[in-house]
Amino acid sequence: IGVTSATFLDEKLRDLKTAYDAGSMKKSDLDKFILTADESLHSITSNLLRAANLIKSFKQVAVDQSSEMPRDFNVKHYLGDILMSLRPKLKTTKHDIIINAPDDMVINSYPGAFMQIFSNLIMNSLIHGFEGIEKGTITIDVKRSEDNVTIVFKDDGLGMNRDQLNRLYEPFFTTKRSSGGSGLGMNIVYNLITRTLGGTILASSEEGKGTVFIISLPLEKQK
């Protein structure tokens, strides 16, 4: 969009310059160009800022994925970065993702693992939970509890039956084998939470009533 707007503006500038050089430029031509330039520059600026924000999020996520060192990060802000990195997938849907978290919630942990956990949970809801549903809602509630942070991730999607729930973290278990699903997403989530981050995860679900994950993580990762 930025390139298209810049090219369009360049074309209009050349037209104005041609009219000026020929001595045929009128006040209405200048007025029209000013309006066009204002609209084009607004489009260029806003889309470059969007691109810059995307690149910033991608760079942060890429660095965190390759880093094994824990660091301090703001949970609410980082969840926002994760949503930004998933925007190309999210923008093709009508689903809503709501984050309720304290502005000052900071934990010391592995942000790369944190990113993988919530990217997998969100994509799991989009692919499985909201299959055939035009508009669903994912809610992520973050609260502090003593030395832990409790994150409740829930969607209002299709839910799971008892067998699916019991096998949720089983390696290679998937209902999407024919569509290329590996069945490793939730197994990765479980291992990252319980082993890498030293936390716990509990899942509950009923068919037609969505799915809820209650995740508890230490505020500070033990060195």
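# Questions on a predicted protein model

Student: Is Pro111 buried or exposed, and what is its relative accessible area?

Tutor: This structure is a predicted model. Pro111 has its place in helix α5. A residue counts as buried under 20% relative accessible area. Pro111 is therefore buried, its relative accessible area being 3%.

Student: How many Å separate Pro111 and Pro70 in space, C-alpha to C-alpha?

Tutor: Along the sequence, Pro111 and Pro70 are 41 residues apart. In space, their C-alpha to C-alpha distance is 7.3 Å.

Student: Which pattern do the helices and strands follow along the sequence?

Tutor: The protein has 7 helices and 7 strands. Read along the sequence, they give the pattern α-α-β-α-α-β-β-α-β-β-α-α-β-β.

Student: What percentage of the contacts with a separation of 6 or more comes from residues 24 or more positions apart?

Tutor: The protein has 223 residues, of which 38% count as buried. Among its contacts with a separation of 6 or more, the share from residues 24 or more positions apart is 70%.

Student: Which element gives the most residues to the largest nonpolar core?

Tutor: That core holds 41 residues, and Phe114, Phe118, Leu121, Val142 and Ile151 touch the most other members. At least two residues each come from α3 (75–85), α5 (111–129), β4 (137–145), β5, α7 (185–196) and β7. With 9 residues, the element that gives the most is α5.

Student: Which residues does Ile151 contact, leaving aside its neighbours within four places in sequence?

Tutor: Ile151 is one of the core residues that touch the most other members. With neighbours within four places set aside, its contacts are Phe114, Phe118, Ile140, Asp141, Val142, Phe213, Ile214, Ile215 and Leu217.

Student: Which residues do ring pairs link into a cluster?

Tutor: In general, a pair of aromatic rings is described by how far apart the centres are and by the angle of the planes. Across the whole structure, a search finds 6 aromatic pairs. The residues that ring pairs link into a cluster are Phe73, Tyr78, Phe114 and Phe118.

Student: Why is strand β7 described as largely enclosed, and how many of its 8 residues are buried?

Tutor: Strand β7 covers residues 211–218. The rest of the structure largely encloses this strand because most of its 8 residues are buried, the number being 6.

Student: Which residue of β7 is the bridge partner of Thr150?

Tutor: Strand β5 (residues 148–155) pairs with β7 in the antiparallel sense, over 8 bridges. Within β7, the bridge partner of Thr150 is Ser216.

Student: Which residue of β7 is the bridge partner of Ala203?

Tutor: Strand β6 (residues 200–205) also pairs with β7 in the antiparallel sense, here over 6 bridges. Within β7, the bridge partner of Ala203 is Phe213.

Student: Which residue takes a positive phi in the hairpin of β6 and β7?

Tutor: This hairpin has 5 residues between its strands. The positive phi, near 80°, belongs to Gly208.

Student: The side chain of Asn47 reaches the backbone oxygen of which residue?

Tutor: Asn47 lies in helix α2 (residues 27–66). Its relative accessibility is 15%, so Asn47 counts as buried. Leaving aside neighbours within four places in sequence, Asn47 is in contact with Ile1 and Gly2. At 2.8 Å, the side chain of Asn47 reaches the backbone oxygen of Ser43.

Student: What separates Arg14 and Asp10 along helix α1?

Tutor: These two residues form a salt bridge, with the closest N and O atoms 3.0 Å apart. Arg14 is exposed at a relative accessible area of 55%, whereas Asp10, at 36% relative accessibility, counts as partly exposed. Because Arg14 and Asp10 are 4 residues apart in helix α1 (residues 2–21), their separation is about one helical turn.

Student: How far apart are the closest N and O atoms of Asp21 and Lys17?

Tutor: Asp21 and Lys17 are 4 residues apart in helix α1, which means that about one helical turn separates them. Both residues are exposed. They form a salt bridge in which the closest N and O atoms are apart by 3.1 Å.

Student: What is the N to O distance where the side chains of Arg167 and Glu170 meet?

Tutor: A search of the whole structure finds 8 salt bridges. Arg167 is partly exposed, with a relative accessible area of 31%, and Glu170 is partly exposed, with 32%. Their side chains meet in a salt bridge with an N to O distance of 2.9 Å.

Terms used. Residues numbered from 1 in each chain as written. Heavy atoms only, no water. Phe/Tyr/Trp six-rings, centres within 6.5 Å; stacked < 30°, edge-to-face > 60°. Buried < 20%, exposed > 50% of the residue type's maximum accessible area, 1.4 Å probe, protein only. Polar contact = N/O pair within 3.5 Å; in protein donor to acceptor, adjacent residues only side chain to side chain. Contact = heavy atoms within 4.5 Å. Pairing = 2+ DSSP bridges. Core = buried A, V, L, I, M, F, W, Y, C linked by side-chain atoms within 4.5 Å. Salt bridge = Lys/Arg side-chain N within 4 Å of Asp/Glu carboxyl O.
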